[in-house]
Structures are given as C-alpha cells and as structure tokens.
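Welcome, and thanks for taking a look at this one.

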Amino acid sequence: MLTPYKHEPFTDFSVETNRKAFESALCQVEKELNQAYPLIVNGERITTEDKIVSVNPSNKEEVIGTVSKANREIAEKAIEAADEAFKRWRNVNPEERANILVRAAAIVRRRKHEFSAWLVKEAGKPWKEADADTAEAIDFMEYYARQMIELKDGKPVNSREGEHNRYFYTPIGVTVTISPWNFAFAIMAGTTVAPIVTGNTVVLKPASTTPVVAAKFVEVLEQAGLPKGVVNYVPGSGAEVGDYLVDHPKTSIITFTGSRDVGVRLYERAAVVHKGQMHLKRVIVEMGGKDTVVVDKDADLELAAQSIVVSAFGFSGQKCSAGSRAVVHEDVYDEVLARAVELTNELSVGEPKTNETYMGPVIDQKAYDKIMSYIDIGKNEGRLMTGGKGDDSKGFFIEPTIIADLAPDAVIMQEEIFGPVVAFSKAKNFNHALEIANNTEYGLTGAVITNNRDHIEQAKRDFHVGNLYFNRNCTGAIVGYHPFGGFKMSGTDSKAGGPDYLPLHMQAKTVSEMY
Ligand code: NAP
C-alpha cells in the first residue's frame, strides 16, 4: 500500500548545507563530462558512427556528452523490440508496473542534485529551475504510480439480474515519445513513464539538445527493474527519424511535447492509415503558448509587477507557460510597467555557477538568433523599456527585455518567442483586457491579478486557457495540484499530472457475462 501522493519539496538554497551539496554535485558532473552514450534497444547498447554532440549553452566549448544517433534502421529495430516486449509487458500486474516507477523515483530522489546538476550543464538551467525540473520528474513517477493503482480494476458500471458487467482499461501498444529540451527531465520522464505504467512499451526520442539527461534516466529505469525492450532509447534528429517512428504501422500511441508546427505536422501524419496498420493511432500533442498576465485596476500592483517578471523571465522565458504578454488596465499601466522595469533591472544573467544567477543562457544558436530577431521586430512595433541586447560569444545570453505600448495584433503580441521578452499592452477596461488575452491562436496558461470578485468569476468563464491562475504567476504547475495542458493550438489538453491523463494511454473495455 503506497502512502498518499505528496509533491517533492523544492530545495531551499538559502541553507548552506544545501548549497554545498549542490556545488559538490556540480563538481561530480564536471568530472563526468564528455563521455560517450550508446543507443539502447532491447537492452542492447548500440554505438553508431554518426553522433549528437551535446554542449553547454553557457559555454559552447564544453561538451556535455557524445550520443550515438539513431537512423531509420535502428528506429525500425526499436519499434520491433517494443512490439515484442509489449506481448509480455501488457500482462504484467499493474501494481508491479507501478512499483517500478516508485523505485525509479527513489533512485532519482537519492541522486536529486546530481540530476539537477546535469540540467544546469546541459540545458543551462539556473539551480532553482533545475531543482524544480528534477522534482517534477519525481512527482510524475510517484503520481502516475498511484493513479495506475486506482485505475487497475477499472470503474464501476451497473449489472442486472443474471448479467455481470465490468468496465476496465487495457494497454494499447507501442508508444513513440518525442520530448522537448525545456523540461529535459520532467517532460521526458513523464511522457515515458505514463505509457509504461499503463502497460505500453516505448520508443523514446529525446530532444537533440538534451539527450544525456535522458540517457541517465533510462539507466535508472533499468536499475529499477524495467524489463528489456519496454523502453528503447533512440536519440536522433526529429526530422530524420521522427517521421519514420510516427508513420510506422506498429506505432499505436504518439506522445509529443514541443512546438506548434512540429506538433501539427505529427497530428496530420498520424491520421494516415499505413499498409498493414489495423488501428487508428492515439495522439497526444502538447504545443506552444502565448501566455498573458492580465492586471486589473483594482489589484495589488506590487504583486502584479512581480508576477509579470517571474512569469516572463524564469528559465529565460523558455517555458510553454511563460507569461510573454502583460495586458494592463490603463489606469495602472504606467505604475505597473515602471515597477516591472525596476524589478527586471535587478535580475542577474550569466552562467549558473551559483544560486545567485537568476537567468542563464537560451538553449542554442538557433534560439538565440530567433529571439534577437523578435527583439528587433519588437523595437519597431513598440517602446524598448529595458534589455534588448545579447551576447553569443561564449554562451547564448540575452538580457531580460521589456517592450511596451504594443498593439494587440503586433507580431510580438501574437507569436511565441520562447525567450526572455515580455510585451506590454494597455487595456481600456477589464472586458477589453480579456479580449486581448484571448486574441491569439494559443490557449495554454494565463494569470489575472485582481481584487474584484466579479472579474475573477468573469475570467473563470471567459479567459480561454487550459491553466488559469489568480493573483500569482502563470508558470510553475505542480503535478497532482495543477493538471497541465492547453486549449486551441496549444494542444490536445491532455492534462499531464492530472487524473484524466493515464486513461489517454489505455483502451477501455466493457465485458458483459450472463450467469
Ligand atoms: P520542437 O522543435 O518542436 O522539438 C520537440 C521534439 O520534437 C524534439 O525531440 C525534436 O527533435 C522533435 N522533432 C523536431 N522535428 C520533428 C519531426 N519532423 N518529426 C518528429 N519529431 C520532431 O520543440 P522544442 O524547441 O524542443 O521545445 C519548445 C517548444 O515546446 C515550445 O513551443 C514550447 O511552448 C513547447 N512546449 C510545450 C509544452 C506543453 O506542455 N504544452 C511543454 C514544454 C514545451 P530534435 O530535437 O531532434 O529536433
């Protein structure tokens, strides 16, 4: 019997022993840099000539690891291995499957700072963000293990005299997991263990910028007792092996988290029925956001400015939930903007060597160039209040940037920038603020800062996002507390870390027997 679910606490870095422990984890990881990682198919280690070189975005010269790169032949082998393993794994008792997740969570918890240190190095995460990413990975394992135990006997249905009815869930088959780099541990782990605990097998293709932390996690699953072939680790270029895995007739579930364009492409491709395919594919796609913090005139303005800054600049704005738009009532606009600029000017940017660094780099050159070009567009569309400069000589650093006085339909009010840039727009009244907040194709997260009860009720009804928060920032969803997923072009609203998530990976079966 498992204890009730409780989320993993965040590390308090104001405590010296915690800081020292984290520093020593960073030292340990530094000694383990630049190793080679093979692919893992059916438990077998496969080394290829073609490699992915993972580098530290704070320091392009520092190699985190060299990872063998899957091609189509290996992708085929991985699907076959997953298909074969499924024949046994589907019949393993759900409690035993759940116990593997709990054991894996315990291993990660013991090595928590080490995993976070890999995230500092490979994803450029500041300590606090890396610690939260690892905590979330632990939470997904603990939460889904308990959810599976709750669901293992199905749900009650009525029986009539002489007839006994049951309704329960069965596994589906081979799952292709395609994960992003921005929650390189949590989302990669969550979208891998959910199909596993529900009795499916997995071919895992992590993001090419963060394959090392995924390799470490697959080793943990093996240590926790996961049989061979249940998870197969096949890093490779999304463009090269992605389509092959998605199109494969033996693929049954596709679980993707990433950008809108790639997600839409996968969604379309998955709809095609290929030769030999006897089923329709289940598709979970969680995509981008253009998330808004709305500030009402009757609000705590200090809280408003803080919420805007935290939402916009945590992990350099590289969260799907990042508050990249602030829509502020005209009566309080100047005051909130001025305070947000002050708070932003206090933020430190640099390589996250200590806990003092608030913002690290952005992930790579492509992201750096894209964000800088959006800043240029923004400077023409609005008024640059602070930031705006970047430096990619050693790592990919961009100043936290505020651009004000934007029209609701400005490019930087509409498109996902995925960097440390927040666009301010002025609203005439609360109705107008909600109208602006809803005027993008995305619908992921949002926050409203207000003391007006009627406006809270109005926003609950009319602010069209999957995760809506009041009087706080719009980032930082916690597993089991804030099930996460977006509306509109933000995705299929799968609500990861919530009670409806696991059934997306199973088929419900009705069995009726006459006595
Ligand atoms: P991305 O470029 O779409 O990549 C995501 C994954 O898809 C990577 O593993 C990538 O592999 C793979 N991929 C790329 N092209 C592919 C193709 N043609 N076929 C199959 N797979 C392909 O996104 P990202 O830059 O990693 O992540 C940032 C995006 O994710 C943002 O838009 C953010 O909002 C979104 N996101 C959403 C959520 C959510 O819950 N809604 C959470 C986190 C992030 P390679 O790395 O090899 O290209």
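This is a predicted model: local features need pLDDT of at least 70, side-chain atom pairs count only at pLDDT 80 or more; totals for chains, interfaces and linings use all residues.

According to the domain assignment, domain 1 covers 17-287 + 494-514, while domain 2 covers 291-478. If you take the centres over C-alpha atoms, domain 1 and domain 2 sit 31 Å apart.

How many residues of each domain take part in the contact? Domain 1 brings 25 residues, and domain 2 brings 33. The size of an interface is often given as the accessible area lost when the parts come together. Here, domain 1 and domain 2 bury about 2300 Å² between them, and carbon and sulfur atoms hold 59% of that area.

## Helices α4 and α5

Two packed helices are described by the angle between their axes and the distance between the axes. Let us start with helix α4 (residues 112-123) and helix α5 (residues 127-151), whose axes come within 8 Å and cross at roughly 125 degrees. Angles of 65 to 115 degrees count as roughly perpendicular and those over 145 as roughly antiparallel, so α4 and α5 are oblique to each other. Their crossing is right-handed.

Which residues meet here? From α4 come K112, H113, F115, S116, L119 and V120, and they face W127, A130, D131, D133, T134 and I138 of α5. Sorted by class, the residues of this α4 and α5 contact are six nonpolar, three polar and three charged.

## Helices α2 and α8

The next pair is helix α2 (residues 72-89) with helix α8 (residues 238-247), packed at an angle of about 35 degrees with 9 Å between their axes. The crossing of α2 and α8 is right-handed.

R72, A75, E76 and I79 are the α2 residues in the contact, and E240, V241, Y244 and L245 are their partners in α8. The class count for α2 with α8 gives five nonpolar and three charged residues, with no polar ones.

## Helices α6 and α7

For helix α6 (residues 186-197) and helix α7 (residues 211-223), the axes come within 11 Å and cross at roughly 35 degrees. Is the crossing of α6 and α7 left-handed or right-handed? α6 passes α7 in a right-handed crossing.

In α6 the contact involves M188, A189, T192, V193 and I196, and in α7 it involves V213, A214, F217 and L221. Eight of these contact residues of α6 and α7 are nonpolar, one is polar and none is charged.

## Two positive phi angles

Two loop residues deserve a look if you like checking backbone torsions. N34 is not a glycine, yet its phi is positive, at about 65 degrees. You will find N34 in the loop between α1 (16-31) and β1 (35-37).

D493, also not a glycine, has a positive phi of about 55 degrees. Where is D493 found? D493 lies in the loop that runs between β22 (487-488) and β23 (506-514).

Conventions:
Residues are numbered from 1 along each chain as its sequence is written. Side-chain values use heavy atoms; hydrogens and water are left out. Axes are lines fitted to C-alpha atoms, for helices over the stretch in contact, and angles run from 0 to 180 degrees between N-to-C directions. Helices (H or I, at least four residues) and strands (E, at least two) are DSSP runs, numbered from the N terminus. Angles under 35 degrees count as roughly parallel, over 145 as roughly antiparallel, 65 to 115 as roughly perpendicular and the rest as oblique. A crossing is left-handed if the near helix is turned anticlockwise from the far one by less than a right angle, and right-handed if clockwise. Contact means heavy atoms within 4.5 Å. Ala, Val, Leu, Ile, Met, Phe, Trp, Tyr, Cys and Pro count as nonpolar, Asp, Glu, Lys and Arg as charged, and the others, Gly among them, as polar. Domain bounds come from an automatic or database domain assignment. Buried area is the accessible area (1.4 Å probe) that two parts lose on being put together, summed over both.
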